[in-house]
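Visitor: Could you walk me through the contacts in this structure, one question at a time?

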Amino acid sequence: MSVQQRRTYDPDFKRNAVQLAEEPGRTVADVAENLGMSKDLLYRWRRAQRINKGLAFPGNGSEALTPEQQKIRELEKRLKNVEMERDILKKAIAIFSRASK
């Protein structure tokens, strides 16, 4: 009895495989056979690509974000840092104003 290793595919490979399967004159079964994979897996990738409209296959532990969502996340991060710096400066002003009295 042999233990079969689970293969992993990078997001670019998945996108390219789906693109090949959608070319005119090619079938999903043919593309899957040429790539050495299951046609069911390629069908699943195709469905994910259609549902997520290009945001499919973000990678392990990553969530697919639109460019607007990424921008919002970056701005929220910057806002949090600026608020933290502001709070530190407020405390420093309070400490220095007490010391001068």
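The conversation below covers helix packing, aromatic rings and salt bridges.

Guide: Welcome! This is a predicted model, so local features need pLDDT of at least 70 and side-chain atom pairs count only at pLDDT 80 or more, while totals for chains, interfaces and linings use all residues. Residues are numbered from 1 along each chain as its sequence is written, and side-chain values use heavy atoms, with hydrogens and water left out.

Visitor: Are α1 and α3 roughly parallel or roughly perpendicular?

Guide: Helices here are DSSP runs of H or I with at least four residues, numbered from the N terminus. Axes are lines fitted to C-alpha atoms over the stretch in contact, and angles run from 0 to 180 degrees between N-to-C directions. For α1 and α3 the angle is about 95°, with the axes 9 Å apart. Because 65 to 115 degrees counts as roughly perpendicular, α1 is to α3 roughly perpendicular.

Visitor: Which residues of α3 make the contact with α1?

Guide: Contact means heavy atoms within 4.5 Å. From α1 come Phe13, Lys14, Arg15, Ala17, Val18 and Ala21, and from α3 come Leu42, Trp45, Arg46 and Gln49.

Visitor: Which residues form one aromatic cluster?

Guide: Rings of Phe, Tyr and Trp (its six-membered ring) pair if their centres lie within 6.5 Å, with planes under 30 degrees apart counting as stacked and over 60 as edge-to-face. Tyr9 and Phe13 are stacked, at 5.1 Å centre to centre and 15° between the planes. Tyr9 and Trp45 are edge-to-face, at 5.1 Å and 75°, and this pair links the segment before α1 to helix α3, 36 residues apart. The cluster is therefore Tyr9, Phe13 and Trp45.

Visitor: Is Tyr9 buried or exposed?

Guide: Relative accessible area decides this: buried means under 20%, exposed over 50% and partly exposed in between (1.4 Å probe, protein chains only). Phe13, at 25%, is partly exposed. Tyr9 has 18% relative accessibility, so Tyr9 counts as buried.

Visitor: Which residue forms a salt bridge with Arg50?

Guide: A salt bridge is a side-chain nitrogen of Lys or Arg within 4 Å of a carboxyl oxygen of Asp or Glu. The closest N and O atoms of this pair are 3.7 Å apart. Arg50 lies in helix α3 (residues 39-52), and the partner sits 28 residues apart in the loop between α1 and α2. That partner is Glu22.

Visitor: How many residues apart are Arg15 and Asp12?

Guide: Arg15 and Asp12 form a salt bridge with closest N and O atoms 3.1 Å apart. Both lie in helix α1 (residues 11-21), about one turn of the helix, and the spacing is three residues.

Methods. Helices (H or I, at least four residues) and strands (E, at least two) are DSSP runs, numbered from the N terminus. Angles under 35 degrees count as roughly parallel, over 145 as roughly antiparallel, 65 to 115 as roughly perpendicular and the rest as oblique.
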